[in-house]
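Please look over the sequence and the model first, then read on by topic.

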Amino acid sequence: MAIMTTTSSPGFRPVLERIAEEMERTPGRGRPADYIPALAARDPRRFGMAVAEPDGTVYGVGDWREPFSTQSITKVFTLALDLAREGDELWEHVGREPSGNPFNSLVQLEYENGIPRNPFINAGALVVTDRLHTRTSDAAAELLTFLRAESGDPALDFDLDVAASESAHGDRNAALAHFMASYGNIDNPVPVLLDQYFRQCSITASCAGLALAAGFLARHGVRADGSRLLTRSQAKQVNAVMLTCGTYDAAGDFAYRVGLPGKSGVGGGIIAVVPGHCTLCVWSPGLDERGNSVAGVAALDRFTTLTGLSVF
């Protein structure tokens, strides 16, 4: 796999080349998400990885420029955008604890009075999207504008076929939203919220774009243009929740293996943050039984092992 970079310095180039070669030889790459028809046809052998430094320098390998469906990765950015607007009030409506249950589970909502465990399970992401929508009148458009600006890619967009596919299979998310609405934890009409949520998850982006877009978390809350989105404390909060809750009910294993804040999506992507140093995005569509990219987790594991970059 050929590697490209925006700089003549070798930077992360040698370690990315080594990881790509190792992933090429790795058997058993998992299966794409088959419950979303638009994702089911993706080749699990595809692989891309990008690293962005805080100054915007990007290194990439493999399919690092290939757009893919971001899915739950967008929950990180929606969380940041809402947290920037309402601060700690958000945490009265969604928790910060690992769920220990599948990402679309209804089980805990009833005995926890409609308050989702964290912002990265589907129930929690619905609450965050609802609150951002109340404050912006179009949460999905606000998110897209932010991602275009931070990634430097004005072509980044929704995939309306994926959004329609998710909507057609969205009964569980509708149930979550209605259940939370019965507890007064949803402000907007449920059909409006679901449309916003499915559009949010349908955004397509590349490893390069997502690594750049997540850069504010490595810069302790500062955006690419130098303006501040989050306070240093809020950036720490987002990174902490990513570490403990960002990879569904496999967050403990991810922290053990990778040692970085991360957020995965069933499109096969994972973003990860080394505060003060860099942000990463890896993509490979084959998933394990918990919905995380098999090659993606392995590649991030190798990256932290080879570079020694970790939060531990």
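Helix 5 (residues 122-136) packs against helix 9 (residues 190-202) at an angle of about 105 degrees, and their axes are 10 Å apart. That makes helix 5 roughly perpendicular to helix 9. This is a predicted model, in which local features need pLDDT of at least 70, side-chain atom pairs count only at pLDDT 80 or more, and totals for chains, interfaces and linings use all residues. Residues are numbered from 1 along each chain as its sequence is written, and side-chain values use heavy atoms, with hydrogens and water left out.

**The helix pair**

- Axes are lines fitted to C-alpha atoms, for helices over the stretch in contact, and angles run from 0 to 180 degrees between N-to-C directions.
- Angles under 35 degrees count as roughly parallel, over 145 as roughly antiparallel, 65 to 115 as roughly perpendicular and the rest as oblique.
- Helices (H or I, at least four residues) and strands (E, at least two) are DSSP runs, numbered from the N terminus.
- From helix 5, N122, A125, L126, T129, D130 and H133 meet V192, L193, L194, Q196, Y197 and Q200 of helix 9. Contact means heavy atoms within 4.5 Å.
- By class, this contact between helix 5 and helix 9 has six nonpolar, five polar and one charged residues. Ala, Val, Leu, Ile, Met, Phe, Trp, Tyr, Cys and Pro count as nonpolar, Asp, Glu, Lys and Arg as charged, and the others, Gly among them, as polar.

**Strand 2**

- Five of the five residues of strand 2 are buried, so the strand is largely enclosed by the rest of the structure. Buried means under 20% relative accessible area, exposed over 50%, partly exposed in between (1.4 Å probe, protein chains only).
- G48, A50 and A52 lie on one side of strand 2, M49 and V51 on the other, and all are buried.
- Strand 2 pairs with strand 3 (residues 58-62) in the antiparallel sense, over five bridges. Two strands pair if DSSP finds at least two bridges between them.
- V51 stands opposite Y59 in strand 3.
- Strand 2 and strand 3 form a hairpin with five residues between them, and G56 in the turn has a positive phi of about 95 degrees.

- Six of the six residues of strand 8 (residues 278-283) are buried, so strand 8 is largely enclosed by the rest of the structure.
- C278, L280 and V282 point one way from strand 8, while T279, C281 and W283 point the other way.
- Strand 2 (residues 48-52) runs antiparallel to strand 8, and five bridges join them.
- Across that pairing, A50 stands opposite C281, and A52 has T279 as its bridge partner.
- Strand 7 (residues 269-274) also pairs with strand 8 in the antiparallel sense, over six bridges.
- Here G269 stands opposite W283, and V273 stands opposite T279.
- The hairpin of strand 7 and strand 8 has three residues between the strands, and G276 takes a positive phi near 85 degrees.

- Strand 7 is mostly covered, with six of its six residues buried.
- G269, I271 and V273 point one way from strand 7, and I270, A272 and V274 the other way.
- Strand 6 (residues 262-264) pairs with strand 7 in the antiparallel sense, over three bridges.
- The bridge partner of S264 in strand 7 is I270.
- Four residues lie between the strands in the hairpin of strand 6 and strand 7, where G268 takes a positive phi near 100 degrees.

**Nonpolar cores**

- The largest nonpolar core has 66 residues, of which F77, L230 and I271 touch the most other members.
- A second, separate core of 27 residues includes M23, F47, I270 and L300.
- A nonpolar core is a set of buried Ala, Val, Leu, Ile, Met, Phe, Trp, Tyr and Cys residues joined through side-chain atoms within 4.5 Å.
- Leaving aside neighbours within four places in sequence, I271 is in contact with residues including I73, F77, L210, M242 and L280.

**Two serines**

- S206 lies in the loop between strand 5 (204-205) and helix 10 (207-213).
- S206 counts as buried because its relative accessibility is 11%.
- Not counting residues up to four places away in sequence, S206 touches W64, R65, E66, P67 and F68.
- S310 is found in the segment after helix 14 (294-307).
- S310 counts as partly exposed because its relative accessibility is 29%.
- S310 and G259 are 51 residues apart along the chain, and their C-alpha atoms are separated by 5.5 Å.
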